[in-house]
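Take a look at the chain below.

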Amino acid sequence: MTTPIRTRPSEVQISTDCWKAARDSDTESKEAWLTAKRAEEQQAAREWAEQFDMPPLEGPEKALAWGERSRHQLVTAAHTALVVEGTWDEADWAQLEEKARTVTQAGWWIDQRDAEGADLLELLDSAGEQDRGTENPFR
């Protein structure tokens with residue numbers, strides 16, 4: 001039986017300090033990676049919205065891009081769960097897609113970002129009037 005190697009607390013602290021310094025010094029490359037990843041996701045969300053005739057979202061300017069990405073991710077996850085892996089046919093999916101088009105508040109989609117794709121129909125059914133778009137500019 002071997003005994004574990006024991007280190008002195010000062011050795012552990014030095015190692016931890018080195019690790020933290022290395023982690024913290026790499027923030028520029030992390031930020032660059034995250035910026036590129038968000039731009040890629042945003043482009044995919046815009047192309048998807050155009051392809052499937054999704055309406056533009058409404059809300060504060062800084063929430064629109066996040067809402068678009070959240071909507072894209074949730075609706076595509078729902079398609080995978082319900083149609084590709086599930087038992088829905090294209091007619092069922094078309095009805096869900098129509099309901100998704102009615103929810104135009106970016107904040108609603110952001111709030112649902114962690115939801116399971118299979119739950120989208122229930123979430124859309126429970127969306128309130130404040131989550132849906134309107135033609136009335138004075139609402």
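## Terms and model

Contact means heavy atoms within 4.5 Å. Helices (H or I, at least four residues) and strands (E, at least two) are DSSP runs, numbered from the N terminus.

This is a predicted model: local features need pLDDT of at least 70, side-chain atom pairs count only at pLDDT 80 or more, and totals for chains, interfaces and linings use all residues. Residues are numbered from 1 along each chain as its sequence is written, and side-chain values use heavy atoms, leaving out hydrogens and water.

## The chain

The protein chain has six helices and zero strands. Its pattern along the sequence is α-α-α-α-α-α.

## How H2 meets H3

In H2, Arg 38, Glu 41, Gln 42, Ala 44, Ala 45, Arg 46, Trp 48 and Ala 49 take part. They meet Ala 65, Glu 68, Arg 69, Arg 71, His 72, Gln 73, Val 75 and Thr 76 in H3.

The two helices, H2 and H3, pack at about 65°, and their axes are 9 Å apart. Axes are lines fitted to C-alpha atoms, for helices over the stretch in contact; angles run from 0 to 180 degrees between N-to-C directions. Angles under 35 degrees count as roughly parallel, over 145 as roughly antiparallel, 65 to 115 as roughly perpendicular and the rest as oblique. H2 and H3 are therefore roughly perpendicular.

## Around Trp 93

Set aside neighbours within four places in sequence. Trp 93 then contacts Val 75, Ala 78, His 79, Leu 82, Val 83 and Trp 88.
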